[in-house]
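Me: I would like to learn how to read the features of a protein model, one at a time. Please give me the general idea each time, and then the case at hand.

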Amino acid sequence: MENYAKLQVRPSSHKTYQGFIENHIKPALGGIPLEKLTAMDLQRLYKRLLESGRVECTESRNKPKGLSVKTVRNINQMISSALNCAVEQRLIPSNPTKGCVLPKLERQEMKILPPESLGTFFEEARRSGVFELYYIDLATGLRRGELLGLKWSDVDLEKGIIHVRRQILRQNGEVVEAPLKTKNSYRNIAIGADAVKVLKGMEQKDEYVFPSPYGGPMSPDSVLHMLQRVLKRAGLERIRFHDLRHTFSVLALQNGVDVKTLSAMLGHYSAGFTLDTYAHVTTSMQKQAANAVGSFLSGTLQP
């Protein structure tokens, strides 16, 4: 961790790894000598983590007792990297993670706010005092942490540009400011006249655009809980906060924004990733385009 990983990973990832080690790896594997560690030891650990690995804390009170498949796969990846290092140092002959079977990562079903429900959603958000927060997110497609990390110094209201420079995360129970995940995440986003108007109408009472009631950054958990309350009061289906980003993307594609431009706005590492993520939307658009061209061509044919 200190001599290898710390030199290669972001500070936020380093903290995450420390949590994995203290909460899961050391309690289960810390007493096993390195040369005696087997794939079966690791397999037992992963099975237990999937069934009952969640650490008891306030944030996990209403969550399943087991860790997610993604988290367990991340823990395996971290252990595998460490053991690869041990192999290179000739401390062990082979990496025991090679013999492990991991659960498959299933992509969560994408949901969006139906366009016909947006008016109802915004009405309830306004009544709940959180209209600006959710309007700006739906107008920009920002990730939750990026939205909460916005400061007024990042917003150029004259040019209609938002500079995405940081994110807000919860680490070790604390709400902290952190660097963005990738270099593509650092970006400038143009915003429309209506979004500018919404921002101009807000009171700048803190350096953060969307501060907590006590000042400083708002907790990522808070905006998710607020979203669920607004959806429930509006009589709308429950969705994840990330689905607001999907809503922005689908609306953008359906209204003529090209994939490359959308990819840059979302901070994706490639337009191909964006295309793969929203293949269902682009396929539908391709069919519409094909039918439109077909209708045009058929109109040129002589009877």
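Me: What span does helix H10 reach from its first C-alpha to its last, and what is expected?
Reply: Helices (H or I, at least four residues) and strands (E, at least two) are DSSP runs, numbered from the N terminus. The expected span of a helix is 1.5 Å times one less than its number of residues. H10 covers residues 242–254, which is 13 residues, and it reaches 19 Å, close to the 18 Å expected. This is a predicted model, in which local features need pLDDT of at least 70 and side-chain atom pairs count only at pLDDT 80 or more, while totals for chains, interfaces and linings use all residues. Residues are numbered from 1 along each chain as its sequence is written, and side-chain values use heavy atoms, with hydrogens and water left out.

Me: How many residues of H10 are buried?
Reply: Buried means under 20% relative accessible area, exposed means over 50%, and partly exposed is in between (1.4 Å probe, protein chains only). Ten of the 13 residues of H10 are buried, so the helix is mostly covered. Among them are Asp-243, Arg-245, His-246, Phe-248 and Leu-253. After H10 comes Gly-256, with a positive phi near 95°.

Me: In which sense do strands S3 and S4 pair?
Reply: Strands of a sheet pair through backbone hydrogen bonds, either parallel or antiparallel. Two strands count as paired if DSSP finds at least two bridges between them. S3 (residues 167–171) and S4 (residues 174–178) have five bridges and are antiparallel.

Me: Which strands form the open sheet, and in what order?
Reply: Three strands form it in the order S1-S2-S5, with antiparallel pairing. The edge strands are S1 (155–156) and S5 (187–190), each of which pairs on one side only. S1 is joined to S2 (residues 161–164) by two bridges, and Val-155 stands opposite Ile-162 in S2. S2 is joined to S5 by four bridges; there, Ile-161 has Ala-190 as its bridge partner.

Me: Which residues are on the covered face of S5, and which on the uncovered one?
Reply: Arg-187 and Ile-189 make up the covered face, and Asn-188 and Ala-190 the uncovered one.

Me: At what angle do helices H6 and H8 pack?
Reply: Axes are lines fitted to C-alpha atoms, for helices over the stretch in contact, and angles run from 0 to 180 degrees between N-to-C directions. H6 (residues 131–140) and H8 (residues 193–200) pack at about 155°, with their axes 10 Å apart. That angle makes H6 roughly antiparallel to H8, because angles under 35 degrees count as roughly parallel, over 145 as roughly antiparallel, 65 to 115 as roughly perpendicular and the rest as oblique. Contact means heavy atoms within 4.5 Å. On the H6 side the contact residues include Phe-131, Tyr-135 and Ile-136, and on the H8 side they include Ala-195 and Leu-199.

Me: Which way is the crossing of H6 and H8 handed?
Reply: A crossing is left-handed if the near helix is turned anticlockwise from the far one by less than a right angle, and right-handed if clockwise. The crossing of H6 and H8 is left-handed.

Me: What is the packing angle of H5 and H9?
Reply: H5 and H9 (residues 220–233) pack at about 120°, with their axes 9 Å apart. H5 is therefore oblique to H9. The contact is made by Phe-121, Glu-124 and Ala-125 of H5 with Leu-227, Val-230, Leu-231 and Arg-233 of H9. H5 passes H9 in a right-handed crossing.

Me: Where is Ser-185 found, and is Ser-185 buried or exposed?
Reply: Ser-185 is in the loop between S4 and S5. Ser-185 counts as buried because its relative accessibility is 2%. Leaving out residues up to four places away in sequence, Ser-185 touches Arg-143, Glu-146, Val-164, Leu-180 and Gly-267.

Me: What does Ala-271 count as, by relative accessibility?
Reply: Ala-271 lies in helix H12 (residues 271–277). Its relative accessibility is 28%, so Ala-271 counts as partly exposed. Apart from neighbours within four places in sequence, Ala-271 is in contact with Val-259, Lys-260 and Ser-263.
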